[in-house]
Amino acid sequence: HYCGEELAVHRDKDITVTRDLATYPYGEVLTVPQNLGSIYLGETFSSFVNVQNDSQQTVRDVVLKTDLQTSSQRMPLSNPTGQAMVSKLVPGDNISEVITHEVKELGGQLLVCTVSYINTSGEKQMFRKYYKFQVLKPLDVRTKFFTTSDEEIFLEAQITNTTPHPLHMQKVVLAPSPLYTVTDLNFLASGESIFAESDYISPDDTWQYLYKLS
């Protein structure tokens with residue numbers, strides 16, 4: 001337990017407490033919203049991570065490590081071996097990096113930032129910050145198969161924009177198994193796409209694509 005001047009001295013030695021904001025509940029470094037919002041599957045998650053020494057002590061062997069925790073795995077985004085980024089970090093100085101990752105899993109995910117350092121007493125200190133975000137599905141795809149009396153097979157793909165924003169549909173391609181070849185029936189005789197009026201699908205709109213398999 002600490003009280004009075006002892007508490008102030010202990011606080012001043014703590015690298016995780018921001019100078020002049022020590023008594024403020026959100027005065028620690030690495031302070032961003034704990035919930036980062038949402039991102040859509042296939043997008044690239046990018047984050048600027050900065051660690052600043054707001055104490056009055058010089059610390060040594062500062063390590064910054066970031067990981068991404070999904071429902072199925074934990075993967076390193078930076079510094080997987082945990083090497084020190086700087087041999088010393090003086091008061092007021094900082095280290096930073098930009099991390100990027102292509103999101104490939106749906107559901108809740110967790111960005112884990114870990115900082116370790118050696119204080120003036122030669123003790124190794126460590127703290128972590130956790131930032132949540134949701135990965136949502138931007139498109140919903142439903143398929144239907146039809147077989148004619150001539151045993152011709154047709155596939156209808158219904159693609160719905162499930163986001164609140166218009167999406168640019170650059171290309172939709174059906175990749176069949178090696179046993180089939182595909183005829184794309186989404187073009188007019190002139191070669192123009194049936195969706196030529198606009199390449200943008202509005203929120204909640206559904207576009208239908210038709211293919212022939214042979």
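On a 1 Å grid over the protein atoms alone, a pocket is an open set of points where a 1.4 Å probe fits, with protein on both sides within 12 Å along at least five of seven lines, and its lining residues have an atom within 4 Å of a point. The model shown in these views is predicted: local features need pLDDT of at least 70, side-chain atom pairs count only at pLDDT 80 or more, and totals for chains, interfaces and linings use all residues. Residues are numbered from 1 along each chain as its sequence is written, and side-chain values use heavy atoms, with hydrogens and water left out.

**View A. The second largest pocket and its lining.** Fifteen residues line this pocket, and Gln170, Lys171, Val172, Ser193 and Tyr209 lie nearest its centre. Strand β14 (residues 206–213) contributes the most to the lining, with three residues; strands are DSSP runs of E, at least two residues long, numbered from the N terminus. The lining comprises eight nonpolar, four polar and three charged residues. The space in the pocket is about 250 Å³, a volume being the space filled by probe spheres set on the grid points.

**View B. The hairpin of β3 and β4.** Strands β3 (residues 59–69) and β4 (residues 74–78) run antiparallel and are joined by four bridges; strands pair if DSSP finds at least two bridges between them. Four residues lie between the two strands of this hairpin. Asp67 is opposite Pro76 in β4.

**View C. His101 in strand β6.** His101 belongs to β6 (residues 94–102). His101 is buried because its relative accessible area is 19%, and buried means under 20% with a 1.4 Å probe, protein chains only. Leaving aside neighbours within four places in sequence, His101 contacts Glu43, Thr44, Phe45, Leu68, Met75 and Leu77, where contact means heavy atoms within 4.5 Å. The C-alpha atoms of His101 and Ser46 are 6.6 Å apart, although 55 residues separate the two along the chain.

**View D. The largest nonpolar core.** A nonpolar core is a set of buried Ala, Val, Leu, Ile, Met, Phe, Trp, Tyr and Cys residues joined through side-chain atoms within 4.5 Å. This core has 22 residues, of which Phe45, Val62 and Leu111 touch the most other members. The elements giving two or more residues to this core are β2 (44–52), β3, β4, β6, β7 (107–118) and β8 (124–136). Apart from this core lies another of nine residues, including Leu155, Ala157, Phe195 and Trp207.

Terms used:
Buried < 20%, exposed > 50% of the residue type's maximum accessible area, 1.4 Å probe, protein only. Nonpolar A, V, L, I, M, F, W, Y, C, P; charged D, E, K, R; others polar.
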